[in-house]
Amino acid sequence: ILGNIALTSNAYVEAKAHYQKMYELELLMGDLRGQGMSQGNLGIIAELEGDYASAVKIFRDVRDVFHRMGDKGSEARAWIHIGLNYSLQGVYDLAKENYSKAVDIYREIDNKQGLSWALSMLGYLCIDMQDYNEAIQYCLESLDLAETAGSKSGNELANWLIGRIALAQGD
């Protein structure tokens, strides 16, 4: 809890110290889920600090923890974070590969809300790559899934991305 409070206050050094202590305790107790969650929080801090290479490494570890546990939803979220951090570094091919892994997992477990999010991330990436035809396909599928799942935030994200595509194309 202290780490989350520090994180929401943008006190990254303090948050990192709390999450690291929690991780060490969870490691001693053998709490895999706790380890994955604490590492994920450390990865988010690395993202926020702009240390994308470290964030990729951390989220790979998180992904591996949740994979071993069989927690496919959490594993898919880690794939998305890995993709995001590659995207932030401009390594679009690896970003797309990682987002696609998340899409595959969310399809497998029939998580429409997660799938909508992952497709939106692919759409956003394609916008950055100026591949608007592919971007619109991802965004329209994301929008359909968000509406089916009743996800207001997913619906808003997909519509915002569709608007960005229209603006980029001069529509």
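Visitor: Leaving aside its neighbours within four places in sequence, which residues is Ala146 in contact with?

Guide: Happy to take you there. A word on the model first: it is predicted, so local features need pLDDT of at least 70 and side-chain atom pairs count only at pLDDT 80 or more, while totals for chains, interfaces and linings use all residues. Residues are numbered from 1 along each chain as its sequence is written, and side-chain values use heavy atoms, with hydrogens and water left out.

Now to your residue. Once neighbours within four places in sequence are set aside, Ala146 touches Ser116, Ser151, Gly154 and Asn155, where contact means heavy atoms within 4.5 Å. Ala146 belongs to helix H8; helices here are DSSP runs of H or I with at least four residues, numbered from the N terminus. With a relative accessible area of 1%, Ala146 is buried (buried is under 20% relative accessible area, exposed over 50%, and partly exposed in between, with a 1.4 Å probe and protein chains only). For a sense of distance, Gln89 is 57 residues from Ala146 in sequence, and their C-alpha atoms are 28 Å apart.

Helix H8 covers residues 132-149 and helix H9 covers residues 152-168; their axes come within 8 Å and cross at roughly 155°. Because of that angle, H8 is roughly antiparallel to H9. The axes are lines fitted to C-alpha atoms over the stretch in contact, with angles running from 0 to 180 degrees between N-to-C directions; under 35 degrees counts as roughly parallel, over 145 as roughly antiparallel, 65 to 115 as roughly perpendicular and the rest as oblique. H8 passes H9 in a left-handed crossing, that is, the near helix is turned anticlockwise from the far one by less than a right angle, clockwise being right-handed.

The structure holds zero disulfides, a disulfide being a pair of cysteine sulfur atoms within 2.5 Å. For Cys139, the nearest cysteine sulfur is that of Cys126, 8.3 Å away. Cys139 is buried at 0% relative accessibility, and Cys126 is likewise buried, with a relative accessible area of 0%.

Gln130 is exposed, with a relative accessible area of 58%, and has a positive phi of about 60° although it is not a glycine. Most residues other than glycine have a negative phi. Asp110 also has a positive phi, near 55°. That residue sits in the loop between helix H6 (92-108) and helix H7 (112-128), and Asp110 counts as exposed at 55% relative accessibility.

Arg77, Ile80, Leu84 and Ser87 of H5 meet Trp117, Ala118, Met121, Leu125 and Asp128 of H7. Six nonpolar, one polar and two charged residues make up the contact of H5 with H7.

H5 has a further partner in H3. Helix H3 (residues 32-48) packs with helix H5 (residues 72-88) at an angle of about 20°, their axes 12 Å apart; H3 is therefore roughly parallel to H5. The crossing of H3 and H5 is left-handed. H3 contributes Arg33, Ile44 and Glu47, and H5 contributes Ser74, His81, Leu84 and Asn85. Here the classes are two nonpolar, three polar and two charged.

A last stop in H3 is Gln39. This residue is buried at 10% relative accessibility, and its contacts, not counting residues up to four places away in sequence, are Tyr23, Ile58, Asp61, Val62 and Val65.

Technical notes
Helix = DSSP H or I, 4+ residues; strand = E, 2+ residues; numbered from the N terminus. Nonpolar A, V, L, I, M, F, W, Y, C, P; charged D, E, K, R; others polar.
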